[in-house]
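Let's take a walk through this model, one region at a time. Have the sequence and the 3D view open side by side.

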Amino acid sequence: MSAQQQFDLIVIGGGPGGYVAAIRASQLGLKTALIEREHLGGICLNWGCIPTKALLRSAEVYHLMQHAEDFGFSVDNITINFEKIIKRSRGIAAQLSAGIKHLMKKNKVTVFDGHGKLAGGGKVAVEGKDKKTQTLSGKHIILATGARARVLEGKEPDGKLIWDYKNAMVPDAMPKSLLVVGSGAIGIEFASFYRTLGVDVTVVEVVDRILPAEDAEISALAQKQFEKQGMKIFTSAQIGDFKKGKDSVTVPFEAGGKKHELTVDRVIMAVGIVGNVENLGLENTKIKIDRAHVTVNEWSETGEKGVYAIGDLAGPPWLAHKASHEAVICVEKIAGIKDVHPLKTGLIPGCTYAMPQVASVGLTEAAAKEKGYKVKIGRFPFIGNGKAIALGDADGLVKTVFDEKTGELLGAHMIGAEVTELIQGFGIAKTLETTEAELMHTVFPHPTLSEMMHESVLDAYGRALHF
């Protein structure tokens, strides 16, 4: 084996977990190889986080143009060029993927194009697109192969009538009607994008509320806003067998004790994800798989010595920033850095980039009470904030949850304009184990949306000033 094929660390998968692991390893002086079979940047950059936000930005611009009169402008004959919307989204993904390639070169990470799998004894076999295989050797191996959309039997995406997230991002034409199955972040973002552009959108969700991972109060406000926009939502729903037509799909479902039958142009399946555990050479190892995800400890170590798993492959929360943070922790532990701390999932913010946006960090009100906390709840509505009114976006709420005994911030939950940017303020507060007193003493600039964060804290203790 040539010296070029021997590494301190081999990373399989070039998504936000894998490429960050490779960069951090290189920074720490580890000779690093990264194996990627499709696109550097992974699903997030190429088919998820980034290009979907580009689509949603186009929808936001269209929404603002429709309300231009409110801001003192006259805009007539607004038309939608769906092809250009898609082209812009794909262009941004391509630009960023090229950026990751540059980062790999800058950090002296050796990139192998192909499919990597464990070959035993610290070796990884890489099969290139030409079907030729080469073997790499590494002291440490990180599996960062990500996940894919979960498929329901009999409801498999066909790319034409039934879509997964990839199909939904590059359709041939905009449908007139759409059914979204699943109301997590992915389902709601697509529902919001298509509805804003004028598509007749229906959402069905198996549990009793949309965005089920969010605080129940925020979920209810989100549903109210989406329905106000014309979206039809059915919760506690059970769908039957799809009946495909030539250019439509008929879907029977039951919700609220009533039976329904809906015929739509297209269906988007957004019912969760499963880890990419297949064809990784795991079968002859001590690595355990639980519900399509690799089992790891707090340092991302698997049951096989010298093999680690991070990101979506290692389980929830299925977020790019979680994968990146795990990557850094895992690599720093490998490198022997002493002050490394395990990742606390309660400190990871979650964001949904719909209209309105939804963001949260920490415990919901219900979860805090279930854990035995006696809580103080603060709320501040967007309508009480001058900046929100000036933006013409005064629907929303900031909600905070505190431990009554200690004043610890247990959770924060938001819905409204730009809350996906605001949430990190509370993320920092939780990381620093901030109390209500410290948040009250923090000076928030005026006029900003962030003032609502301050007011929500004040409200929890009966001290709100502007509502």
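This is a predicted model: local features need pLDDT of at least 70, side-chain atom pairs count only at pLDDT 80 or more; totals for chains, interfaces and linings use all residues.

Residues are numbered from 1 along each chain as its sequence is written, and side-chain values use heavy atoms, with hydrogens and water left out.

Start at helix 8, residues 320–334; helices (H or I, at least four residues) and strands (E, at least two) are DSSP runs, numbered from the N terminus. Its 15 residues reach 21 Å from first C-alpha to last, close to the 21 Å expected at 1.5 Å a residue (1.5 Å times one less than the number of residues). Helix 8 is largely enclosed by the rest of the structure, because 11 of its 15 residues are buried (under 20% relative accessible area, with exposed over 50% and partly exposed in between, using a 1.4 Å probe and protein chains only). Among the buried ones are Lys322, Glu326 and Glu332. Their packing partners include strand 1 (6–12), helix 1 (18–27) and strand 6 (133–143). After helix 8 comes Gly336, with a positive phi near 85°.

Now hop to Thr352, in strand 21 (residues 350–352). Thr352 is buried too, at 3% relative accessible area. Leaving aside neighbours within four places in sequence, its contacts (heavy atoms within 4.5 Å) include Ala185, Leu211 and Thr420.

Last stop: Met65 in helix 3 (residues 49–66), which is partly exposed at 33% relative accessibility.
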